[in-house]
Amino acid sequence: MKHSTFQAPLPAERLHVRVNGESYEIVAPVNKTLLEILREDLGLTGTKHGCELGECGTCTVLIDGDPMLSCLVLPVEVQGHEILTIEGLAEGGRPHELQVAFAELGAAQCGYCTPGMMMSSKALLDSNSHPTTEEIKEYLAGNLCRCTGYLQILEAVDSAAKKLHSSQQDADRGNTPESTTQGTGIR
Amino acid sequence: MSLTKYSVIGQSVPRVDGIRKATGQSVYADDFTLPRMLYGKLLGSRRPHARILSIDTSKAKAMPGVKAIVTGEDLPVKYGILPVSEDEYPLEVDRVRFVGDPIVAVAAVDEMTAEEAVRAIEVKYEDLPTSFEISEGLAAVGETSRIHDYGPHDNVHKQINLEFGDLDSGFDAADQVFDNTYFYSGSNHLALEQHSAVAQYGADSKLTLWSSTQTPHYVHKALASVLKIPASRIRVIATPVGGGFGGKSDPFPHEFCAAKLSMLTGRPVKITLTREEVFYAHRGRHPVLMNVKLGVKNDGSITALDFQSFVDGGAYGSYGVASTYYTGALQTVTYKIPAYRFRGVRVFTNKPPCGPKRGHGTPQPRYALEVHLDRVANALGIDPAAYRKSILVDEYSMTVNHMRVTSCGLGECIEKVTEGSDFNSLRGALPVGKGVGLAVGSYLSGAGLPIYWNKMPHTSVDLKIDRGGGVTAKCMQIDIGQGSDSVLAMTVAEILGITPADVNLICADTDTTPIDLGAYSSRVTFMMGNAAIEAAEKLRKKLFEAVAEELHISERALSEGTESLQSAAGQIVHMVNGVPTGKSSSFLRAVKLAESKFGQLSSTGSFTPQALRGPYKGSGVGPTPAYSYSAAVAKVSVDRETGIVTPEKLWVAHDIGRAINPILARGQIEGSVYMALGEIFMEEQAFRKGQHQFPSMLDYKTPTFLEMPSVESYLIETNDAEGPFGAKEVGQGPLLPIPPAIANAVYDAIGARIDELPITPEKVLAALALQEKGKFPQVGPNKFPDYQWPTPVKIDPVWYDQPPEQWVETRRRDRSKC
C-alpha cells in the first residue's frame, strides 16, 4: 500500500476520520492530503484530482455539510468531523435526485468534474432549496467543467431542486414521489 | 422533407454511462491500483534548448524505495503520431527542446519517494540558441542550432504551396481585393483529468497498458515499435477519458516509461502527470499568423482567395503536418471559390509541442476568413447574412481543391440563427457598446484517410447475442465524454428493436475489440455508427428468417415486400401492407429460434470511407464522408471604460445530418461554445524565454459558470445520404463560428477590429484609443513574414457543378422518401 510507512519521507501518524458515516483508523504521513487519504487509503476514488492547487473544484467533498477542496485539507484538521464523498450520496443504493438529474440531463459528459460538481450542488440545495439560476451559478463557480459549457449542469441542479422539493411535499402529504423528465429546450 | 421516425434514434435518452459517472463509479486510469504497483515520475528539462552533457542518477538510485530509473538510452527509438515526423524519444537522449521535455523516469514504492528521487537527479546542460516566435523560427540558424535535423531548412518543419485553378485570372477578374492579417493564439485543452497510465509486464512477457488515451490503436502501434515487443504481445486498454479535446491523441512519454519501468521491475507501474506536466505535454492549439487576400466582384462573389498560414509548432512534429494542411483545407467547403492558393509553413520553436485541439487547425483560418468576409460585406454595403448566403457552396458539388461536398444545410443554419437572434434588425441598430456578429463554419465527420494509409476498415463492430437476450457490442472506440458509447448502444438497439440498456459494451481494448482508429476528427458517430448498423442488420436478418419460419410467412412475400417483419420494443411483428397482423415473436423467442437454426449468433460490421483523395500531395487532409455545417450569431456588450467584452447570448445552428441523441448533441454545441469563449477571451499559452508563464490552473484562466452566457441551439437535420440514420458530426464543428462571430459583434458594438486573439481588455482599449485619435481602430499583427516560398504545385480544379459520378455514389441508409 502506498501509505506503508517504512520509507515515508515524513513521520506517519495515527488518524481518525469519519467518512460517509463510517469511522476509519489510518496510519499515514501527516503531509498527505485528505484527497490522497480518501483515494489511496480508503479506496474512495470517486473524488477526483484536477489541479493540486485548489482551483478546479474537482476534489470537492463536504465537511460537516460545507463544500471543501480535499486537496487543500490535511486529515489532522478534520478529525472528528463528518466527511461526505460522492460514494456516500446515494442512500440505500438509490441514487440521489441530483445524481439522477445529472445522468438524465446530459450534465455529465466525460464525468471527471461530476463528483465535485455534485457535492457542491448538494451543499447548495441543503442550504437553499429554491436557488435561482444566478444563485446556482454563483455557488458552483468554483467548480470547473471543460465539457458541458455548464448549461446542462445548471438545468440538472434546477431540476433536482424542484424534484426534491416536490417529493418533500409529497412526503409531507404521505405520497410516493414520481419521476418526471424535464424538456430539453432544443429547437 | 420528413425524416423517418425511429424508436430509439432521435430520442433524448440518458447516456448509457451517465449514472455511473454521476455516482463516481466510472474508473479512470488514475483510479485503479494493482498489487505491488509502483509509482513513476518523470524529470523534465529545465532548459528550453540544450545539449544534455550528463545525467547523474546515482543519488536517486541509492534512495530506499527507488526500484528503477530509465533514461533516453534505455528507449532509443524515435516515434511520432505521423509517419512523416517521428521525431520524439520517450526520454530525450542528447538534446532537450523545451522546458518540460522529459529526460528521466523513476519508479518507486510510492509517489513521494519517486518525487524525491527525481529531485535528486542532476543533469548538466550546454545551452543552445533558442527560438520562441514564428519570426525567429523562420530566421536562418546554423546547422548545429537547428531544433531538428529534418525539414526543408533551418527551423522550418513543413512548407506548402498549392495553387488550385487560375489565381492570376481570378484576381484580374476581381473588382476589389481585400488584404489583411490575423493571429489566432495557442491554448491548452485543459481536460480536467490529467494524463495517466498503468503498465503491467507479466512473467509471460506480455504487456498490458491501461491509459487515458483517445487513440488506443496508435498507442499500441507505437509501444510495439519503441519497446521492440511484437504488437501481438501488447494489450492497450483505454480507460474512460476524463476529457480529451485532442489532448490525449498522441502516444506520450509517460506511457512508454510506465511500460519500460514495469518490464525492468516486473511490477505494475503507474504514472500520472501533474497539472504542470500536462501543460508541458500540451499538443494544444497551434498559434497561427495568417494573411487573407480575397478578390471579389462588386456583388461580393469571390473570384480568388490567396491564404497564407505561419504555424507555431512548438518543439516536435506531433500532428503538425496535418494541422498545417488543415489551416488551408476547409476554406473552400463553405463558399464558392473558383481559384485558390494556400501557402503554409510550420516552424519548430522551443516550446511545448502543439497538436490537435477541438477543430484541429481549422478554427484559426475560419476566424480569419469570417472576420475578413465581415469586412468585405461592410465595404460593399451588403448584409453579412445575405452576403454569405449568396456565395454558399452547392450541395453535392466539388470544391476547387477537390473536396467532395454532399449534404449541406448551411443556408438553413444561417436562417435559423439570424431569425432566432433577430440579427437583421439588431445589427448596426443597438446602442454604442452593444453589437451582434455572425459567422459560419464547417468540419469533418471523420478524416477520410487513416494516419497510416491502407485499405483496411477504419472501424468495426462485433456483435454477439446471448441466449438471455443480452446483446454485446464490441468496438475499439473510446468514450471521451462525447457520448460514443451511447451512440453504439442506441444504434444496435434501434436495429434490433430492443432498448439501449440491453446492449452491453466492451470497448477500447486492443485484445478483445475490433479496430477503431480512435476518438479524433469527429469520426466515431459517422464511421462506427455505419459499422454498427451493418453488424446489427446481419443479426436482424437471421432473427427475421427464424421468425418467418416459425410464423409460416413465405420468403416470397417478404422478398416482394407485400409482407414484412419489423423489430421494435422487444418484439418482432408481422405486417401485411404495413398493417400488423397480430402475429409476432418476442425478441427473446426470436433469439432462441435463430440460434437453433444458425448456431451462435454473432456478426461483424465494418466501415471504410470511399477513396476521396484529390490528385496532389497533401490531399489526404480535408476529405471526409460528410461535412457538418454551423452558423452562429453572438451578441456582446463592450465596456468602453474597462475594455471588457461580455458575451450576452449566442445562437448556434448546426447541420448535424440527424441528431442521434438531441440532448447529447446539444451538450456538444454548448461545450464547443464554452471552449471557444475560453480561447477568445482568456486562455493563452504565454511564455517568457521558453518558460511557460503559468503552467497551473491558478493562473491559466478558464471560463466558469459566471462567464458562460446562454446559448440557443438549433439542430438542423439534413439527413445525410451516407451517415448512420443520416447523422453527421457535432463534437467540433460548432466551435468554429464562435470566435469570428464574437469578433464581428465587437466590431458592430464599437466599430473596432480586433484581428488577434485573445480579445483582451488591453486590446479593446488600444483600439478605442486609436478611435479617439481619429485613426481606424484596428488591433492585430503589424508584421507579416516575407517568406521565400517554394515553387507552387499547380492543380487543375474539379469544376464544382459537375462532380465525377463515382464520387457522389450514395449509400443511403435511410430508405425513406425525402
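Me: In S27(B), which residue stands opposite B:Ser630?
Reply: B:His654 of S27(B) stands opposite B:Ser630. Strands here are DSSP runs of E with at least two residues, helices are runs of H or I with at least four, and both are numbered from the N terminus. This is a predicted model, where local features need pLDDT of at least 70, side-chain atom pairs count only at pLDDT 80 or more, and totals for chains, interfaces and linings use all residues. Residues are numbered from 1 along each chain as its sequence is written, with chains lettered from A and ligands numbered from 1 in the order in which they are written.

Me: In what sense do S26 and S27 of chain B pair, and over how many bridges?
Reply: Strand S26 (residues 627–638) and strand S27 (residues 645–655) of chain B pair in the antiparallel sense, over ten bridges. Two strands pair if DSSP finds at least two bridges between them.

Me: What is the strand order of the open sheet in chain B?
Reply: The order is S18-S26-S27-S30 in chain B, four strands with mixed pairing. Strand S18 (434–444) and strand S30 (710–716) of chain B are the edge strands, each pairing on one side only. From one strand to the next, the twist averages 15 degrees.

Me: Which helix packs on that sheet?
Reply: Helix H18 (residues 662–681) of chain B, which touches S27 and S30 of chain B and makes about 130 degrees with the direction of S30(B). Angles run from 0 to 180 degrees between N-to-C directions, and axes are lines fitted to C-alpha atoms, for helices over the stretch in contact. Contact between two residues requires their C-beta atoms, placed from the backbone, to lie within 7 Å.

Me: Switching to chain A. At what angle do H2 and H3 cross?
Reply: The axes of helix H2 (residues 97–104) and helix H3 (residues 114–127) of chain A come within 10 Å and cross at roughly 135 degrees. That makes H2(A) oblique to H3(A). Under 35 degrees counts as roughly parallel, over 145 as roughly antiparallel, 65 to 115 as roughly perpendicular and the rest as oblique.

Me: Which residues make the contact?
Reply: H2(A) gives A:Leu98, A:Gln99 and A:Phe102, while H3(A) gives A:Thr114, A:Met118, A:Ser121 and A:Lys122.

Me: How many residues of chain A are in contact with chain B?
Reply: 46 residues of chain A, in contact with 52 residues of chain B. On the side of chain A that touches chain B, the largest share comes from H2(A), with four residues.

Me: And how far apart are the C-alpha centres of the two domains of chain A?
Reply: The centres of domain 1 and domain 2 of chain A lie 24 Å apart. Domain 1 is 5–88 and domain 2 is 97–173, with bounds from an automatic or database domain assignment.
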